[in-house]
Structure formats: C-alpha cells, structure tokens
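Keep the sequence and the structure side by side while reading.

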Amino acid sequence: MASYFRLSKALILLWLTYIVLTQAQSEPWSLLKAPKELALKLIRDPVTLSLASIDYGHIVHDNPFEVFEPSSISDISNLIKFSNSLAIPFTIAPRGQAHSVHGQAMADDGVVVNMTKLNGFRNGGRTVVAIVSDGTGAPYADVGAEQIWIDVLHATLERGLTPLSWTDYLFLSVGGTLSNAGISGQTFRFGPQISNVHELDVVTGKGDIVTCSAKSNSELFYGVLGGLGQFGVITRARIALGPAPTRVKWLHLLYNNFAAFSGDQEYLISFNGRSETNAADYVEGFLMLNQPPLDLSFYPESDRPRITSLVTQYGIIYIIELVKYYDNSSLEHIDEDVQLLVQGLKFVPTFMFEKDVSYEEFLNRVHSDELTLRSQGLWEVPHPWLNLFVPGSRITDFDEVLGYQYYTGGRREMPLGSPTSTDPSPRPSSSSDLQPQPGTISVLPPVIFPQRGTHDTSSRLGILAEPRTPGTTSLG
Ligand SMILES: Cc1cc2nc3c(=O)[nH]c(=O)nc-3n(C[C@H](O)[C@H](O)[C@H](O)COP(=O)(O)OP(=O)(O)OC[C@H]3O[C@@H](n4cnc5c(N)ncnc54)[C@H](O)[C@@H]3O)c2cc1C
C-alpha cells in the first residue's frame with residue numbers, strides 16, 4: 001500500500017512538472033492567439049526577428065519570438081495587458097536604437113517592442129518637439145521617447161534652445177538613454193540626462209498609461225529613470241531646455257603626468273554651478289598610448305610630428321578635452337574667458353590646441369567617427385565595452401592599471417581581470433578576440449553626480465577594446 005502511494009505521488013509530481021514545463025515552453029505560442037488588432041502588429045518574418053536579436057555590442061544574440069511594431073501608445077498598453085492575461089506572461093523588451101552592448105534591449109523567446117515604429121505616429125512624422133514654457137518661464141520640450149537626440153537637437157535649435165545635458169553620441173533614443181543615465185562632459189554641471197527631466201509618460205507593467213514626475217507618481221518616475229527598461233515603457237519625456245549657444249571653443253590640453261591631469265580635471269569641475277559664467281561647459285578626458293594608430297585629426301598638421309614625439313617619449317599622454325560655449329553676446333570676451341579657465345593648468349607647455357566650431361558640430365562630433373568607421377566596415381563589429389564608475393579617491397589606481405597593461409605589452413593578466421590578447425588580427429572575429437589590447441584607447445571623463453544634496457565626485461571610465469586597424473578611433 002505504501003509503495004502504491006509513493007508511486008502515485010511520483011506520478012502526480014511528474015505530471016505537474018510536465019504541465020509547468022510544457023506551459024512555460026509553449027507560452028510564446030499563445031502569442032499566435034493574440035487579439036486581431038495586436039496580431040497585425042506582431043511580426044515574425046526572419047529579417048525582422050534577426051535584426052531584433054543583435055545590438056551594437058554584437059556579443060549577445062537572443063532570438064525574440066515576435067517583434068511588436070506599435071503605431072500608438074495604446075498598442076503598447078494593449079500588448080502588456082494581453083501578456084498579463086496569460087497564465088505565464090511573456091517577456092517584453094522595449095528597443096530604441098539598440099545601441100546597448102550586452103543584449104539589454106532583447107527578449108529571448110519574448111516580444112521586442114520596436115519603439116522606432118512610433119515615429120510615423122507622432123506629430124505626423126519627424127516634427128518631434130513641442131516647446132512650451134512653464135509658469136516660471138523655463139522652457140522645455142515634450143519629446144517622444146522613440147526620438148533620437150540629434151533630432152531633438154535640431155528641433156530645439158530652431159527655437160534658439162537646447163537640452164542641457166548630453167551623451168557623446170546623439171543617434172540614441174530618448175527612452176534608451178533615460179533608461180540608463182545619459183552622461184557626458186556636461187554632467188559635472190547639469191547632472192546626467194535623467195536629472196533634466198520634468199515629467200514622463202509611462203506604460204506600466206500593468207499596461208496603464210501613467211504620467212509621472214517628482215511630485216506625482218514619483219516612485220514610478222524615479223524607478224523608470226535609469227531603470228533599464230524594467231519598470232515600464234517610457235513614451236514621452238519633458239526635457240529641460242536652456243538658451244542655445246551658437247559656437248564653441250574646443251580645447252585639447254596634453255599632459256605627460258597623470259597626477260597633474262587628474263588634479264586639473266578636479267579643479268576645472270570644481271566650478272560647477274548651473275549658471276556659473278566662469279565654469280567650463282564641458283570637461284572630459286582621454287588617453288593616447290604609444291601604439292599605432294594615433295588619431296591626430298583634431299590637431300593642425302604642422303603640430304602632428306611633435307605630438308607623436310611626445311607620445312613616443314612618455315608612452316602614455318593624457319588629454320583634457322575642455323569646451324567653452326559662446327554666441328554673439330559673448331564673442332568679445334570669449335578668448336579672455338578661455339585664458340582664465342586654463343590659467344595655471346599644468347599641461348605640457350605649448351601643448352594646448354584649440355578649434356572653433358559650431359555648437360552642433362561639437363555635439364555631433366562622434367558621428368564623423370561613425371562615418372569613418374562605417375566606411376572601413378568597423379562599426380558593425382563586436383564592442384566589448386566596459387563602463388565603470390570610479391570614485392575620485394581611487395582614480396590613480398586606473399593609471400596604475402594602464403601603466404601595467406602598457407609596460408607589460410599586454411602579455412600578462414591585467415589587474416582588471418581581463419586577459420589580454422596578443423593576437424594582432426585586424427578584426428575581432430570571435431569572443432576570444434574581444435579582450436582589451438595594448439594600444440586601445442580608454443576614455444576618462446570626470447563627472448560629478450549631484451545626489452540628494454551632496455556632491456560625490458566620480459569618474460566614468462569607458463574602456464573599449466578595438467580592432468587595430470589604421471585609422472580607427474575610440475568612442476566614448
Ligand atoms: C557610440 C556610442 C556612444 C555612446 N555614448 C554614450 C555617452 O556618451 N553617454 C552615455 O550615457 N551613454 C552612451 N552610450 C550608451 C547609450 O546611452 C546606451 O546604450 C543607450 O541605451 C542607447 O540608447 P538606445 O536607444 O540604443 O537604447 P536601447 O539599446 O534600444 O535600449 C537600452 C535599454 O533601455 C530600454 N529602453 C529602450 N527604450 C525604452 C523606453 N522607451 N522605455 C523604457 N525602456 C526603454 C531597453 O529595453 C534597454 O534595456 C553610447 C552608446 C554608443 C553605441
């Protein structure tokens with residue numbers, strides 16, 4: 001009798017396991033039973049599915065069951081509600097420009113929501129920004145989360161206005177960068193992009209369409225900002241604007257000493273009030289290692305030989321990238337302002353270089369690198385990209401790591417824990433080639449994150465292992 005009970009218990013357990021497993025496995029197929037209005041927008045053709053299974057990283061490949069192409073916000077709401085109506089809801093991942101590097105906008109066996117399809121729906125096309133003024137006179141823009149920042153820039157510049165905080169690269173979606181942070185050389189003054197948002201429209205995990213801000217539904221607001229797409233789908237963001245400058249003085253200051261370089265960065269970002277006229281408008285930094293190729297396109301041709309000699313002599317050269325905006329009203333004193341900023345800085349004497357470009361050309365600077373890399377077939381390649389935040393007090397450790405990597409010729413284990421490849425193959429072809437190599441360039445922008453009334457200094461390091469092919473550049 002006892003063995004009979006044991007057997008039936010085992011059978012029941014087996015049966016339950018079977019139900020759970022088959023239910024879980026077959027759940028994507030219930031998408032085929034989606035209501036007609038959703039089914040029409042759930043795409044299963046191999047090209048669409050394959051595009052949704054890669055991103056800029058080219059490292060992770062997760063295959064979605066279907067790709068959803070919404071033409072309205074309520075489509076997204078209905079999709080989420082349909083998923084919730086199933087015994088086991090399917091995974092949903094919003095996808096902006098898919099410039100993530102590790103599959104963050106993918107949904108294995110789930111549904112990827114192609115946010116770019118909302119473009120046609122909003123404001124009748126690519127007119128993306130509505131600029132209004134709140135009661136205090138501070139302008140802002142209401143932007144569809146699927147829009148890309150370069151379009152936001154164009155639309156706001158038409159009105160003499162601009163967002164205050166940027167990323168280095170502007171062909172990223174508003175929803176995508178607000179789901180991360182949005183950090184660049186302006187962050188030390190204005191905070192990351194997520195600190196410059198007044199209000200959001202969000203489709204929640206229940207499928208509700210909710211407007212939230214610091215004052216209303218604040219838990220949702222702060223959860224979604226920097227929430228990696230895990231707390232809802234952003235569909236609209238109200239972004240703070242300020243007056244747009246027309247031109248910028250764009251400086252590179254070269255250092256042969258890390259302490260002087262990081263000390264000067266700290267000094268420069270200590271002037272960080274939003275309306276402080278003496279402050280720099282942008283501060284980042286990067287490195288040049290004594291490994292070809294050196295990208296010297298920023299510098300006058302006549303200075304390139306002496307820059308190359310400096311890099312050869314010291315092995316590593318640190319560069320502060322500094323920008324001061326101006327327009328007609330500040331034209332008269334801009335040179336004086338720049339002189340005041342750099343006065344007393346400890347860069348190698350005579351190794352200060354300056355360009356005068358339009359505000360748009362400066363903000364969109366990475367796009368020209370993109371075009372170069374694309375023309376060489378080096379854009380759509382694996383990007384083993386590591387972003388780190390390092391407290392100011394430990395930033396010298398980074399220099400030690402770099403020195404170690406450089407002087408050992410990358411032939412030993414790096415303190416960062418990444419074994420370094422000695423393979424000089426021009427293009428990474430498999431994951432074993434994806435390690436940082438000697439000669440790759442690391443980007444070192446200092447940023448201050450004003451948080452809850454305190455000012456913690458921290459640096460963002462972007463480390464990108466690059467193929468060693470002449471003409472390649474590092475992107476930050
Ligand atoms: C060349 C290059 C330069 C870069 N430079 C910078 C830089 O200077 N500063 C910086 O901060 N970052 C930078 N990044 C990183 C970039 O900000 C993030 O990868 C960002 O997520 C890209 O936006 P996307 O539209 O491609 O987002 P996706 O990759 O499509 O999505 C990113 C994440 O956000 C989620 N998501 C997308 N849209 C929404 C939405 N509407 N609602 C909710 N969640 C959503 C996705 O599910 C995913 O989790 C850079 C990336 C590249 C490729």
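Beyond its neighbours within four places in sequence, isoleucine 148 is in contact with Gln97, Leu170, Phe171, Leu172 and Ser173; contact requires C-beta atoms, placed from the backbone, within 7 Å. The model is predicted, with local features needing pLDDT of at least 70 and side-chain atom pairs counting only at pLDDT 80 or more, while totals for chains, interfaces and linings use all residues. Residues are numbered from 1 along each chain as its sequence is written.

Isoleucine 148 sits in the loop between β6 (139-144) and α5 (149-157); helices (H or I, at least four residues) and strands (E, at least two) are DSSP runs numbered from the N terminus. Isoleucine 148 counts as buried because it has 21 C-beta neighbours inside 10 Å; the cut-off for buried is 20 or more other C-beta atoms within 10 Å of a residue's own, with 12 or fewer for exposed and partly exposed in between. Its C-alpha atom is 9.2 Å from that of threonine 116, 32 residues away along the chain.

Ser173 also belongs to the surroundings of the ligand: it is among the closest residues, with Gly96, Gly175, Gly176 and Gly229, in a shell of 35. Two or more shell residues come from each of β3 (92-95), α6 (174-178) and β10 (233-243). Domain 1 (30-119) and domain 2 (121-243) each supply at least three residues, the bounds being taken from an automatic or database domain assignment.

Leaving out residues up to four places away in sequence, alanine 237 touches Val143, Ala145, Val174, Leu178, Val197 and Leu200.

Helix α4 (residues 73-85) has 13 residues, which at 1.5 Å a residue should span 18 Å, and its end C-alpha atoms are 19 Å apart, in agreement. Its buried residues include Ile73, Ile76, Leu79 and Ile80.

Over the whole protein chain there are 14 helices and 18 strands. Buried residues account for 37% of its 476 residues.

Terms used:
Near = placed C-beta within 6 Å. Contact = placed C-beta atoms within 7 Å. Expected span 1.5 Å × (residues − 1).
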